[in-house]
Amino acid sequence: MIIFYNKKTGNIVGSIDGRKHSEDQLKMWVGDKKENGRIVCSWERTGEERTYEREEERLVETPLVDADGLPMFKKLVVITKETKRDYEPDHEQKDIFNSLDRKETKLSDYYVDVIEKRLKKR
Amino acid sequence: MKLSKPTFNALTETDPDNLVFSSEYNTLKYYVSGTVQLSVSAADAETNVTHGLGYVPFFLVYYKHPAFTTRFSMTPDVFEDVVNYSYIEAYADNDKIYFTTHTNSLTATLDFYYKIFKNSTNL
């Protein structure tokens, strides 16, 4: 997430959603660059990759058809392997960015301390 | 390439309503989304987001009027009576999306929600 704020008042004036930002997105700005500053928070990988198995139900078409000529399906339980990696905000205020990401809080709940360049609760 | 909805045969289905995806039809390609706040004090106001795509993209903007906190409207939106008016809109050029209010009375902070797509409008 990228948060834009007024450099004089600390009011948040806009944002760009997302956990990772492309080079083009990092060139974006809200309002005037001279008036507005920004805080950039990207999510980075933490910890090891984990691979685990899980059961999944799938519908598979059979060669049979019903009385109306429509294809018939059967349910299969398959075991799939999935690899998971943990990510978290790479920012000193990661708790705030976590709560924003989970929509437990909103940007309007915060302002930016223009001297410390940190988010603060209203 | 086709991907059909459950119980429909992707090999034979031709109705796009029964397809999740078909390479025969173009799709909207999501680029970026976010929010913008605009403070309005009974006079025209404007702010913008620099998208920098070099062309006018397809975009959508919703806004939430502070008087109707559970209602999200698409721009443009108009409030008008005999004396007061406010006209809220969003427009684009090949570098920015602009969020604008024309008003003689509205005093509020407006929350805009934008979504920009990579698709060009070719305008």
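Is T75(B) buried or exposed? In this predicted model, T75(B) is buried, because its relative accessible area is 16%, and buried means under 20%. You will find T75(B) in the loop between β6 (73–74) and β7 (77–80) of chain B. Leaving aside residues up to four places away in sequence, T75(B) touches V61(B), Y63(B), I88(B), E89(B), A90(B) and F112(B).

**Where the two chains meet**

Now let's look at the place where chain B touches chain A. Here 17 residues of chain B are in contact with 15 residues of chain A. The size of an interface is often given as the accessible area lost when the parts come together. Chain B and chain A bury about 1,300 Å² between them, and 46% of that area is on carbon and sulfur atoms. On the chain B side, the residues that lose the most area to chain A are Y31(B), Q37(B) and T50(B), which together make up 31% of what that side buries.

What kinds of contact link the chains? Between chain B and chain A there are eight residue pairs in polar contact, while the count of salt bridges is zero.

Three strands of chain B, namely β3 (30–41), β4 (45–50) and β10 (107–120), each supply at least two residues of the side that touches chain A. Of these, β3(B) gives the most, with seven residues. The residues on this side of chain B can also be sorted by type, as the table shows.

| Type of residue on the side of chain B that touches chain A | Number of residues |
|---|---|
| Nonpolar | six residues |
| Polar | 10 residues |
| Charged | one residue |

The two chains also pair strand to strand. Strand β3 (residues 29–30) of chain A is joined to β4(B) by two bridges, and these strands run antiparallel. To find this spot in the structure, look for V30(A), which stands opposite V49(B) in β4(B).

**A helix in chain A**

Finally, turn to helix α2 (residues 94–101) of chain A. Which of its residues are buried? They are I96(A), F97(A), N98(A), S99(A) and L100(A). An α-helix has 3.6 residues a turn, so residues three or four places apart point the same way. Just after α2(A) comes K103(A), which takes a positive phi of about 60 degrees.

Technical notes:
Residues are numbered from 1 along each chain as its sequence is written. Chains are lettered from A and ligands numbered from 1 in the order in which they are written. This is a predicted model: local features need pLDDT of at least 70, side-chain atom pairs count only at pLDDT 80 or more; totals for chains, interfaces and linings use all residues. Side-chain values use heavy atoms; hydrogens and water are left out. Contact means heavy atoms within 4.5 Å. Buried area is the accessible area (1.4 Å probe) that two parts lose on being put together, summed over both. A salt bridge is a side-chain nitrogen of Lys or Arg within 4 Å of a carboxyl oxygen of Asp or Glu. A polar contact is a pair of N or O atoms within 3.5 Å; within protein, one must be able to donate a hydrogen and the other to accept it, and residues adjacent in sequence count only if both atoms are side-chain atoms. Helices (H or I, at least four residues) and strands (E, at least two) are DSSP runs, numbered from the N terminus. Ala, Val, Leu, Ile, Met, Phe, Trp, Tyr, Cys and Pro count as nonpolar, Asp, Glu, Lys and Arg as charged, and the others, Gly among them, as polar. Two strands pair if DSSP finds at least two bridges between them. Buried means under 20% relative accessible area, exposed over 50%, partly exposed in between (1.4 Å probe, protein chains only).
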